[in-house]
Amino acid sequence: MKKLKFSDGIRDSIPIALGYLSVSFGVGITAASCGISPLEAAALSLFNVTSAGEAAGISIIAAGGTYIETAISQLVINLRYSLMSISLTQKMDESFTLFHRLTTSFAVTDEIYAVAAGKPGNINRSFMYGLMILPILFWTLGTFLGAAAGNILPASVCDALGIALYSMFIAIVVPPATKNKGILFTALSASALSCLVYYLPALDFISSGFAVIICTIAASLAAALIFPVPTSDEKEHE
């Protein structure tokens, strides 16, 4: 089997990087609308390679949320990356020392995980570094450009471009939701709960940060109870 190289990772990451460039432009627009400068927005993206997590973080910052709200919301939203990282450890060869496991875990996103996990056999650290460098750079660059544009373009144009971020979330959720009732239920119930928290006067005391946490956990728990995922033993007996 051909040994994977740094250049192989770069080649496989180009589609991911181009996608991140366009999506992060919307993140930058959102950041600019919240009063965050282009350099600050770029720094956020450089150290937080996560679309949903960063969007939630920006919203909490704009609303004057607390550190604990930010920390808990990021933990809830980004917990899946821990599971992806654990899964990838089963494919890492002996070149991954503890240091390299820690550094490469920084860039484990949905798309990078999918490409790395889909490779036959084990992956080495050269390939993984090649796979992660362009997406990180393009995610940061796109955010900077979006935030800079947000300070120049008319408000109507910025509002239109800002929708791109939410369009990405819809594009991620809709395809699996049409095939899985649990995912559809989770998405709809989280949206409904979010609307209740936002519009009901009795729930005004809940800040935007804790609203994200409550809606996410409540919808996930309800879906787990109503649409439990069968274990491997249960699948065998079906």
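These legends go with close-up views of a predicted model.

**View 1. Tyr20 and Trp139, an edge-to-face aromatic pair.** The two rings sit 5.6 Å apart, centre to centre, with 75° between their planes. Tyr20 comes from helix H1 (residues 6–33) and Trp139 from helix H7 (residues 125–150), so this contact ties together parts that are 119 residues apart in sequence. Both Tyr20 and Trp139 are buried. A search of the whole structure turns up three aromatic pairs, this one among them.

View 2. Asp8 has a relative accessible area of 4%, so it counts as buried (the cut-off is under 20%). Arg11, at 45% relative accessibility, is partly exposed.

**View 3. Asp12 with Arg11 and Lys119.** The side chain of Asp12 meets that of Arg11 in a salt bridge at 3.2 Å, N to O. Asp12 also has a salt bridge to Lys119, this time at 2.8 Å, N to O. Asp12 lies in helix H1, while Lys119 is in the loop between helix H6 (110–117) and H7, so the Asp12–Lys119 pair ties together parts that are 107 residues apart in sequence. Asp12 is buried, with a relative accessible area of 17%, and Lys119 is buried too.

**View 4. The salt-bridge network.** The structure holds three salt bridges.

Terms used:
Residues numbered from 1 in each chain as written. Predicted model: local features only at pLDDT ≥ 70, side-chain atom pairs only at ≥ 80, totals over all residues. Heavy atoms only, no water. Phe/Tyr/Trp six-rings, centres within 6.5 Å; stacked < 30°, edge-to-face > 60°. Helix = DSSP H or I, 4+ residues; strand = E, 2+ residues; numbered from the N terminus. Buried < 20%, exposed > 50% of the residue type's maximum accessible area, 1.4 Å probe, protein only. Salt bridge = Lys/Arg side-chain N within 4 Å of Asp/Glu carboxyl O.
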